[in-house]
Amino acid sequence: MKERVLFGVGGFLFVLLALYVLPSVVLALSICALCVCASYELIVPTGLVKNRGMKWVTLAASAMYALVTCMPSAVLLPAPALIGGGFAPQATNTVGFFILGSNHGSFSLTESEMRAYLGIFQEQFFRFVMLFLLVGLFVCLLRHHDIVRAEEVMAGFVGGFILPYLMLSLWRIFEMQGGAFLVLLPLVAAWGSDTCALFAGMAFGKHKLAPVVSPKKTVEGAIGGVVGATLIMLGVVFLMNNYAGLSIHYAGAAIMGAAGAVIGQLGDLSFSIIKRQSKIKDYSHIFPGHGGVLDRFDSVIFVAPVIELVLSVIVYGGV
């Protein structure tokens, strides 16, 4: 327990430093590392992918996907959250970029224009990663069809593309206006729900939620997690609106809290099923006292895309 608490405190301090003090590259590399570790944990300790070639193709696709999503904007468009000693929005349009051309001299781009060009490049590269992953996996299957099952192709695609896409919602939220604060919302929804569900279950739990998959979870705890996460989310949004210069709709905050709690519990149970069927206790031991990335971020992986969607459609979409 002591090791678990100490690592939790250290991890929380690192997150604060990466968001508000250190260059954006540190956060980008951290999220990339989480993506690759999550992909590894899904396919290797579980035994879902046994072929060595498939493992390398899956991990290479995950790494390329994560790096091209995070690193261009982290390196070319640094925007720290702390400016002049005070909190400021994450994105601005005041940075100028000067591009040198071989035949046409040089020309300048604003930050918004550079982001648009990066977006086009990333969209094309993601298609390349998808094709690289599918072709690589099926080449391995055809070459070793006598010992490799087709299910390994599906597991490799989930590990190399789907799982990084879900995890990278954290970075896409970070790139939004005020993203250095908004990126905390998936963590609040997921871990706030877990904490509230734990205490609600201890106090009121009587009916098992999923007795085979997770014997300790109860229906009362799940309901308490949804209610608690919603209230915590409203409180956090109130603080961000009043002290961080954001303007998040409280209706959107309630939706993020409730929906995040529900989908987060689904993610927790889903990865627990994989562990149980694979007959492993933890996905890895990368986090002392906490297990692996999928043990600690199982609910966050499901919650982050939901928060991204709500922020894009309701909060910033004007709905």
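1. Ground rules. This is a predicted model, with local features needing pLDDT of at least 70 and side-chain atom pairs counting only at pLDDT 80 or more, while totals for chains, interfaces and linings use all residues. Residues are numbered from 1 along each chain as its sequence is written, and side-chain values use heavy atoms, with hydrogens and water left out.

2. Overall make-up. The protein has 12 helices and 6 strands; helices (H or I, at least four residues) and strands (E, at least two) are DSSP runs, numbered from the N terminus. Of the 319 residues, 46% are buried. Buried here means under 20% relative accessible area, exposed means over 50%, and partly exposed is in between, with a 1.4 Å probe and protein chains only. If you take the contacts between residues at least 6 apart in sequence, 70% of them join residues at least 24 apart; a contact means heavy atoms within 4.5 Å.

3. α2 against α3. Helix α2 (residues 24-43) and helix α3 (residues 52-76) have axes that come within 9 Å and cross at roughly 165 degrees. The two are therefore roughly antiparallel. On the α2 side the contact includes Val25, Leu29, Cys32, Cys35 and Val36, and on the α3 side it includes Leu59, Ala63, Ala66, Leu67 and Cys70. The crossing of α2 past α3 is right-handed. For the conventions: axes are lines fitted to C-alpha atoms, for helices over the stretch in contact, and angles run from 0 to 180 degrees between N-to-C directions. Angles under 35 degrees count as roughly parallel, over 145 as roughly antiparallel, 65 to 115 as roughly perpendicular and the rest as oblique. A crossing is right-handed if the near helix is turned clockwise from the far one by less than a right angle, and left-handed if anticlockwise.

4. α3 against α5. What is the angle between the axes of α3 and helix α5 (residues 151-167)? They cross at roughly 15 degrees and come within 8 Å, which means α3 is roughly parallel to α5. This crossing is right-handed. From α3, Met54, Thr58, Ala61, Ser62 and Tyr65 take part, and they meet a set in α5 that includes Gly156, Gly159, Gly160 and Phe161.

5. α8 against α10. The axes of helix α8 (residues 184-204) and α10 come within 8 Å, with a crossing angle of roughly 65 degrees. Here α8 passes α10 in a right-handed crossing. Leu185, Ala189, Ser193 and Asp194 are the α8 residues, and they meet Met256, Gly260, Ala261, Gln265 and Asp268 of α10.

6. Aromatics. There are 12 aromatic pairs in the structure. One of them joins Phe121 and Phe125, a tilted pair with 6.0 Å from centre to centre and 35 degrees between the planes. (Rings of Phe, Tyr and Trp, the last by its six-membered ring, pair if their centres lie within 6.5 Å; planes under 30 degrees apart count as stacked, over 60 as edge-to-face and the rest as tilted.) Both residues lie in helix α4 (residues 111-143), 4 residues apart, or about one turn of the helix. Phe121 is partly exposed at 42% relative accessibility, whereas Phe125 is buried at 19%. Elsewhere, Tyr65, Phe126, Phe157 and Phe161 make up one aromatic cluster.

7. A charge over a ring. The charged end of Arg172 sits over the ring of Tyr165, 4.4 Å from the ring centre. The criterion is NZ of Lys or CZ of Arg within 6 Å of the ring centre and within 35 degrees of the ring normal.

8. Gly221. This glycine lies in helix α9 (residues 219-243) and is buried, at 2% relative accessible area. Its C-alpha is 3.9 Å from that of Gly201, 20 residues away along the chain. Apart from neighbours within four places in sequence, Gly221 is in contact with Ala197, Ala200 and Gly201.

9. Val300. Found in helix α12 (residues 298-315), Val300 is buried, with 1% relative accessibility. Val300 and Pro186 are 114 residues apart in sequence, with 6.3 Å between their C-alpha atoms. Beyond neighbours within four places in sequence, its contacts are Leu170, Leu187, Ala190, Trp191 and Pro305.

10. Lys279. Is this residue buried or exposed? Lys279 is exposed, at 75% relative accessible area, and lies in the loop between α10 (250-278) and α11 (293-296). Its phi is near 60 degrees, a positive value in a residue other than glycine. Most residues other than glycine have a negative phi.
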